[in-house]
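Me: Could you take a close look at the aromatic rings in this one and walk me through how they are arranged?

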Amino acid sequence: MEGISDIKIIGVDEKRPPRIQKEPYIDLCFRLSHKAPVDWCHDFSDHQSKVAYPASIDTNECLYIETWVRSQDEIVPHLQSLKKAVADCNARYIAKIEASARDRDGELDALTKETGLQGQLNRIIADLDFSD
């Protein structure tokens, strides 16, 4: 199974190849290795909205990074920047998951330290074994 740390840019969208527009700018659409979680996409798009050439991900698909550059010479450096942004987003997402798990563990610890009948019930529930 593919995880968050496996998300990376693997190519261009074959259905939307790079095109030179009149303005001049070049539309680019890069494909991710697999579909990303919606929260990951929001985080990526939020961080990339503040850079010189913004990039975004449609949260309905969560598979393509849409962006643009002004000249062909900027494509390679922009791709390198996006690759780093994807890795940074992976790290942020994993850190959020780990923090959430620590918070849940802390809440469970607090529940098991209660006294009286509620504390006893909380400890029994916390010690339940759901394995086969």
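Reply: Let's start in helix α1 (residues 38-48), where W40 and F44 both sit, 4 residues apart, about one turn of the helix; helices here are DSSP runs of H or I with at least four residues, strands are E runs of at least two, and both are numbered from the N terminus. Bear in mind that this is a predicted model, where local features need pLDDT of at least 70, side-chain atom pairs count only at pLDDT 80 or more, and totals for chains, interfaces and linings use all residues. Residues are numbered from 1 along each chain as its sequence is written, and side-chain values use heavy atoms, leaving out hydrogens and water.

W40 is buried at 0% relative accessibility, and F44 is buried too, at 1% (buried is under 20% relative accessible area, exposed over 50%, partly exposed in between, with a 1.4 Å probe and protein chains only).

Then there's Y53 with W68, an edge-to-face pair at 4.8 Å centre to centre and 75° between the planes (Phe, Tyr and six-membered Trp rings pair if their centres lie within 6.5 Å; under 30 degrees between planes is stacked, over 60 edge-to-face, the rest tilted). Y53 lies in the loop between α1 and β4 (56-57) and W68 in strand β5 (residues 64-69), so this pair ties together parts 15 residues apart in sequence. Y53 is buried at 16%, while W68 is partly exposed at 24%. Ring pairs also bring in Y25, giving a cluster of Y25, Y53 and W68.
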